[in-house]
Amino acid sequence: MLRRHADLAGAAIATLAALAASMAAPPVLRTIATVGLLIVLPGFALLQVLLPGRPVDRAARLTLMLALGLATPILIGIGLGFSGTGLGFRRETVALSLTLTVLVALLVAYRRRRASDDPAAARAEPAAPDTPMASPMRAAGPTKVGGWRADPPSLALLAAGLLLAVGALNVAGGSAAPPDDLVQLWILPGTAGGATVGIYNGSPDAGQYRLEITAGGASIPVGGELVTVAAGATWEMPLLAEATDGLRGGWTATLYRIDAPAVPFRTVWLPPSDASPNP
Amino acid sequence: MRQVRALAFIARREPAAMWASRITAHLGPVVLDVLSAARSGLAAVSRSPAAARARSVSFLVFTSGIGLFVVAIGDARARSGIEPSEPLFWLGLLVLFVPVAWALWAKWPNRTQRIALVILLGLGLYLVKILHSPSGFTFYDEFSHWRTAADILATDHLFAPNPLQPISSHYPGLEVLTAALSDLSGLPLDRAGILVIGLGRLLLMLALFLLFERLAGSPRRAGVAVLLYSANPSFVFFHAQFSYESLAFPLAAAALYALAACSRAAPDVAKRTTIIALLIIAAVVPTHHVTSYILAGALVGWAVIGRLRPDPALAQMTPTRPAIFAVVATAAWLALVAWSTLGYLGPHLIGGLDELLRVITGQTSGRRLFEDETGLVAPMWERAVGYGAVILILGGLVPGLKAVWRLYRRQPLALTLALAALGYPVSLALRFTSRGVESGARLSAFLFVAIAFALAAWAVGARRKGWRWRRPALLAAVSVIFLGGVIVGFAPWARLPLPYRPAADSRSIEAHGLAAADWARTHLGAGRRFAADRTNRQLLGSYGRQDPVTQFGNSVDTAGLLLSPTMGQDELAAVLEGQVEFVITDIRLTTMLPLAGLYVESGEPGQPRDRPLELAAIEKFDLATGVARIFDDGSLRIYDFRGIDASTPR
């Protein structure tokens, strides 16, 4: 009796465990638990309700389970979107809705199995014949299912194939290098006529630059002679309105590379407040 | 062993992009060594036919791994601008496809092994797309759906307006599933999307195999039919991208299988399986418009034919109620949620058919096949294989449809598929039109279910004794169809991750654009109104979380604003009407013609182009009074228009 319902009990425990793991667990475990909670367990539970027993073969069960597993979160998500309850599509509402769906489905499946165990119920409503939804080839004759022998050469070839696929992903994923010229310069208006100027160095190496700031045509000193920005780092500096009385002329920031000190590398500006032409 | 040590040495000393090119020189001997060892291993231990078969399947996993590795090297070389790269891509595809095709055509695999092989083929070809863009989304449509999923996570609600593709948020099935997976697992949206589409691909292979097996009564014919289906032009790239059709189509196939499985089942089992099918159909409807329409159409066709040709001897189920459910659900969703779908699809379909009629009546010249928007013509071999694939399909359809009639005319679903296969020439004709080419390509992905079934019905098991080259010839033919599908299905400039080109969709996704989108999100905040070219629009609208202003979404001519050489009244009007806060420009657009055919959006000024964008179109913003240039990375510049109003002098 217990063994007959072990799959349902196991699924219920797995559902609760997946719910807990999806809330707080290491990333890999959390991903596995989420796939289980979101797709595998709803598909399994609904299949137990709708197609109890073994009326279809393993491939058909897997297919229908996967299809139900992909369809259920979509329907629940759409339902949450339409519910008008204000619950919305939140992590908690989705996880709890799915958990409830799975647990209710498992409960219904359990009750149906119990009912089919009960001789009185069986007399009152004969159970559907456990006719296989036989594939046409079953109708034609028995098919040998399986045939996968886990012998060393097979396993070695399988492992080699999988390693090659992983290696392929590694080769494809590892070949994108950051460009040498990815250096951003920006200026954003601040409060009371001030501004913020920033540099991002997205190139693979640290960069040394000379930053020239002008306000109303007058040059503003910027800390030291050179600005050094490490690879992948951001440098920012506030520009205070008090530093100059040339604010009506607007701010201009020009970046020069050390190896080409006379050629503006990047230029940005904020316009003058009196709408005169840009610098 | 010496080669392996050499590879390890190279891997230690140099970055992947460099050793990917070097590895090619060393790969040949290594592969030969491994193949030789595997062959001798197989020969030595083949004690029983069952064990030999199992090992052959494992061997095919191994060959698929080699195929993927070769494709990856081709991709890595292409990304680094090292030639040749494309021959490796094609070689890898063939190594992936041909051995599995050979096995599926053979008699030795049992049913389980055939299922394993179709899954291997489906997932292997899915990985080809992943290898193309391993670090995230790069395909044009993917950004639109990414935005819908991100909006669901940000707002906790569905149907937030999507400025990149307004229709996407009205069909949020894929995004709901992906957002839930991302939110619960902590995976980034693009990783969650890859996982969801991968599960969809697994479902597709299983569902199609079982559907074909149910119809054909033969696992071998089913395996070959799935093999032929995988040769359709959308299979390798289009149906592998993060897009609503990529998930809706597998679900639709599963619904069809579930209903087909009701035949010959006990009444109670049939009733319950129908409920499963209805649940799946209910999930297809809010996931993708065209798939739900085609599924409803297929069910109606199946039901009508079943009513016209009842066959009590077969106890075939006629899916009248599921067909009614599909039609009602689809119509209800269209009327209540996604009415704008008509405005979205209408121009594609009507415009395409109208253009086709004008081509037929000689009023206009048709679109040139195998020629891209810049006038570049595909190589001779690609044209030959592309035409060859079409000729082989058309040539096989006639005996295929005859075979369906001869073998399966008592099955209404088989007859429905046969009728659908007749639509293939129409989908081909649409390829001769500029406006209908996309509809034709999309249609062929659905029609290929019918085409694959008809071709497999004819090609497998037909008695044509006495020709020893029959199987190799069929294998060569299906390989040509497969290669032709890849050639026809994806632009030559986009198949490999070649170096940057402006306005070239996946090839335009690079670090500058990504970093600028990231900068906009962190420094300007989400939801700013941007005018942007096609590529930066997708990046700003997704990773940048900005709201691009467009003609198709806001009825504002931002293309004119961006492409005009001067900043005049019309351009200022576009800024004010569209409440444009920022404009992003890309100076690289002035260097080359747009491979996608346009810089901003359809109907932009200057189409079709014979020269790149003028520099003045970019530099005019520097001269505009009161406009701030707040960002500069050498290629991209962002201008702040918030200080502009109608009184601003020009």
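Reply: Leaving aside neighbours within four places in sequence, D505(B) is in contact with T138(B), Y140(B), W493(B), R534(B) and A596(B), where contact means heavy atoms within 4.5 Å. The model is predicted: local features need pLDDT of at least 70 and side-chain atom pairs count only at pLDDT 80 or more, whereas totals for chains, interfaces and linings use all residues. Residues are numbered from 1 along each chain as its sequence is written, chains are lettered from A and ligands numbered from 1 in the order in which they are written, and side-chain values use heavy atoms, with hydrogens and water left out.

D505(B) belongs to the loop between α19 (470-489) and α20 (511-524) of chain B; helices (H or I, at least four residues) and strands (E, at least two) are DSSP runs, numbered from the N terminus. The relative accessibility of D505(B) is 19%, so this residue counts as buried. The classes are buried for under 20% relative accessible area, exposed for over 50%, and partly exposed in between, computed with a 1.4 Å probe on protein chains only. One of the contacts of D505(B) is also polar: its side chain and that of R534(B) are joined at 2.8 Å. A polar contact is a pair of N or O atoms within 3.5 Å; within protein, one must be able to donate a hydrogen and the other to accept it, and residues adjacent in sequence count only if both atoms are side-chain atoms.

Q579(B) lies between α24 (569-577) and β3 (582-586) of chain B, and it is exposed because its relative accessible area is 54%. Its C-alpha atom is 9.8 Å from that of A531(B), although the two residues are 48 apart along the chain.

Three further loops of chain B carry backbone features of note. E83(B) and P84(B) are joined by a cis peptide bond, with omega about 0 degrees; P84(B) is in the loop between α3 (49-79) and α4 (86-105) of chain B. D156(B) has a positive phi, near 65 degrees, and is not a glycine; its loop runs between α6 (140-155) and α7 (173-185) of chain B. R545(B), likewise not a glycine, has a positive phi near 60 degrees and sits in the loop between α21 (534-542) and β2 (547-548) of chain B. Most residues other than glycine have a negative phi, and most peptide bonds are trans.

As a whole, chain B has 25 helices and 5 strands, and 62% of its 650 residues are buried. Among its contacts between residues at least 6 apart in sequence, 71% join residues at least 24 apart.

Chain B also meets chain A. The contact takes 111 residues from chain B and 92 residues from chain A. Together the chains bury about 8400 Å², 73% of it on carbon and sulfur atoms; buried area is the accessible area (1.4 Å probe) that two parts lose on being put together, summed over both. The two chains share 2 salt bridges, each a side-chain nitrogen of Lys or Arg within 4 Å of a carboxyl oxygen of Asp or Glu. One of the charged pairs is D57(A) with R111(B), at 3.1 Å from N to O. By class, the chain A side divides into 59 nonpolar, 22 polar and 11 charged residues; Ala, Val, Leu, Ile, Met, Phe, Trp, Tyr, Cys and Pro count as nonpolar, Asp, Glu, Lys and Arg as charged, and the others, Gly among them, as polar.

Strands pair across the interface too, on the rule that DSSP finds at least two bridges between them. β1(A) and strand β4 (residues 628-632) of chain B run antiparallel and are joined by 2 bridges, with W186(A) opposite F631(B).

Within chain A, strand β7 (residues 251-257) has 6 of its 7 residues buried. Strand β3 (residues 207-215) of chain A pairs with β7(A) in the antiparallel sense over 7 bridges, and I213(A) stands opposite A253(A). β7(A) is also joined to β8(A) by 7 bridges, again antiparallel, with T254(A) and T267(A) as bridge partners. A hairpin of 2 residues connects β7(A) to β8(A).
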